[in-house]
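Here is a short report on a protein structure, written for use beside the sequence. Please keep the 3D view open while reading.

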Amino acid sequence: MRHIVFLTVFSSLMAGTGATAQEVRITTFKSDATFTLNGQTFTITRNQDTGATMQGEFARTSRACPPDCLQPMHAADGVVTAGELEVLAFLEQDVTDRRGLLLDTRAPEAFARGSIPGAVNVPFVTLGPENRFRDDILRALGATTAPNGTLDFTNAMSLTLFSGGAWSSDAPDAIEHLITAGYPAEKIYYYRGGIQAWIGVGLSVQFHQTPG
Amino acid sequence: MIRTTVALAVLAFVICGLIIFRPFAGDDLAARDPLGARIVPDVEVTRAVTQNLEALTRPAPVQAPRRVDVTRPDTDDTHLSDMTNNVLAELGFAGVSPVTTNSQAQRQSTSDILAGIEAATGQQSVLEQRETLEAIVIAALRAGESDETIDVIVNQAAAAGTVAVPEILVTSDGRVDTYVLLNNIVTQAQIAAGGAAPGIPQVSPDEIQGMEVHVVQQAAVEVQSRFYTVQTGDSLGAISIKFFGSIKHFETIFEANKGLLSSPDRIRVGQRLVIPQLES
């Protein structure tokens, strides 16, 4: 059983801004996004250090392609592509109302090193046809088994999927797997910028660590 | 206008004439072969030579591999040796400890994902128990079923789609090769008990239907190539046992025939496989 430790670090770098109003807002009229996930409240803000720059893994610009090749804007027919504001709105509305879920499709290790607050890790490979337990995942996402044995997605949750960045095929592959499995495309959203674009505009990150 | 047309017509006529009669071309050109040797025109080829068409011996029709797609059992990436190992461990063989099969690893990662989704949604999710080939075989062996009964039980489960089987057990006619399954249990049990691994049998085309040996003299060395035409009911595991004594070398056969086999379970009657010599 995985124990998730939340170490939210947002607003830890507010040094120097003092008691003045936030300088780095999400939009002119919006300083933070607050949503609840299964009773837990999350607040997302932006890094208030106006001198901050990208560091570490996501400061890299030139991952080898293949395998990390640039992805098209549209992942699949009927799948809407989202930006940061749409992801925040999705968290505030769909996720808070338990109608939707934000999926990080990267490998568990990458997810543990930091992800979007409220995201759930579903690595894209586990949605592939090779995973004989895939239907169990689809049922956990709200699909039900119809009397004839097929899956019924009428009450399935809406999903926003992302991966490392615009250079990662993980999220598009996961979307393809979902659609092949019968998931309705209109319930799927694609955050193409991924964790790199998220960090790139200083939005809060949540760390998940497995003890031991 | 008319004069122009007539002039063009004459010109066209002359050009056509030149093309047809080729007055300036060397006559002997046509009679030379590309290397320049003059062809001696003493062989007269007439239709009479081939008059008696019926007398010609017809080449035997080449039988192409059957393209009929048989329904195949579901396969997964579980290794037969891992599965056998776990069957022996479960049956209490000394010195055999269970290993994590790919199937179990997948189950574990799915269970982690479900825990994550559950934490987010608060909805209880279930990881369904699925029947495994391993469990079926263990139950059958414990009950002391005969080889024939085990064959029936396993094939019924595979046909119903309730279990997935290792790829090398799939036969050319879409069944599960329980001979290989059971043979491998015996082999691995012997090895676990300190016995020797089965040796490589001496085989000849006289004993094995579908086998061919071609001998090619290369410089001073005589190179022997072996081929095997897939028969009804063959699985890659069975072919490996036939030529190498155990399933251990199925990968060698598969690698040598990658152009023909897209995966080890896509074996078809009539396919002519190369049987490589093992590196000594």
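The sections below cover a sheet, a disulfide, a chain interface, a helix and several salt bridges.

## The sheet in chain A

This is a predicted model. Chain A holds an open sheet of five strands. Their order is β3-β9-β8-β4-β5, and the pairing is parallel. The edges are β3 (80-82) and β5 (120-121), each of which pairs on one side only. Helix α1 (residues 84-95) of chain A packs on this sheet. Helix α1 touches β3, β4 (100-104), β8 and β9 of chain A. The direction of the helix makes about 135° with that of β4(A).

How many bridges join β8 to β9 in chain A? Three bridges link strand β8 (residues 158-162) to strand β9 (residues 188-191), and the two run parallel. Within this pairing, A:Leu159 has A:Ile188 of β9(A) as its bridge partner. In general, strands of a sheet pair through backbone hydrogen bonds.

## One disulfide

The structure holds one disulfide over all chains. The bond joins A:Cys65 to A:Cys69, with 2.0 Å from S to S. The link is right-handed, with 95° about the S-S bond.

Buried would mean under 20%.

## Where the chains meet

At the interface, 25 residues of chain B are in contact with 21 residues of chain A. The two chains bury about 1800 Å² between them. Carbon and sulfur atoms account for 60% of that area.

Three salt bridges cross this interface. B:Asp77 forms a salt bridge with A:Arg132. Their closest N and O atoms are 3.4 Å apart.

## Helix α4 of chain B

Which residues of helix α4 (residues 133-142) of chain B are buried? They are B:Leu133, B:Glu134, B:Ile136, B:Val137, B:Ile138 and B:Ala140. Their cover includes helices α2 (80-90), α3 (102-121), α5 (147-159) and α6 (178-192) of chain B. Strand β2 (165-166) of chain B is also part of that cover. Just after α4(B), B:Gly144 takes a positive phi of about 70°.

## Salt bridges within the chains

Over all chains, the structure has 15 salt bridges. Side chains of opposite charge can pair when their charged atoms come close. In chain A, A:Arg99 pairs with A:Asp97, with the closest N and O atoms 3.1 Å apart. A:Arg99 is partly exposed at 43% relative accessibility. A:Asp97 is partly exposed too, at 45%. Also in chain A, a network of salt bridges links A:Glu57, A:Arg60 and A:Arg63.

A:Arg139 and A:Asp136 meet in a salt bridge at 3.2 Å, N to O. They lie three residues apart in helix α3 (residues 134-140) of chain A, so about one helical turn separates them. An α-helix has 3.6 residues a turn, so residues three or four places apart point the same way. A:Arg139 is partly exposed, at 24%, whereas A:Asp136 is buried, at 1%.

In chain B, B:Arg272 forms a salt bridge with B:Glu212, the closest N and O atoms being 2.9 Å apart. This pair links distant parts of the chain, 60 residues apart. B:Arg272 lies in strand β5 (residues 272-275) of chain B, and B:Glu212 in strand β3 (residues 211-218) of chain B. B:Arg272 is partly exposed at 37% relative accessibility. B:Glu212 is partly exposed at 24%.

Technical notes. Residues are numbered from 1 along each chain as its sequence is written. Chains are lettered from A and ligands numbered from 1 in the order in which they are written. This is a predicted model: local features need pLDDT of at least 70, side-chain atom pairs count only at pLDDT 80 or more; totals for chains, interfaces and linings use all residues. Side-chain values use heavy atoms; hydrogens and water are left out. Two strands pair if DSSP finds at least two bridges between them. Helices (H or I, at least four residues) and strands (E, at least two) are DSSP runs, numbered from the N terminus. Contact means heavy atoms within 4.5 Å. Axes are lines fitted to C-alpha atoms, for helices over the stretch in contact, and angles run from 0 to 180 degrees between N-to-C directions. A disulfide is a pair of cysteine sulfur atoms within 2.5 Å. Buried area is the accessible area (1.4 Å probe) that two parts lose on being put together, summed over both. A salt bridge is a side-chain nitrogen of Lys or Arg within 4 Å of a carboxyl oxygen of Asp or Glu. Buried means under 20% relative accessible area, exposed over 50%, partly exposed in between (1.4 Å probe, protein chains only).
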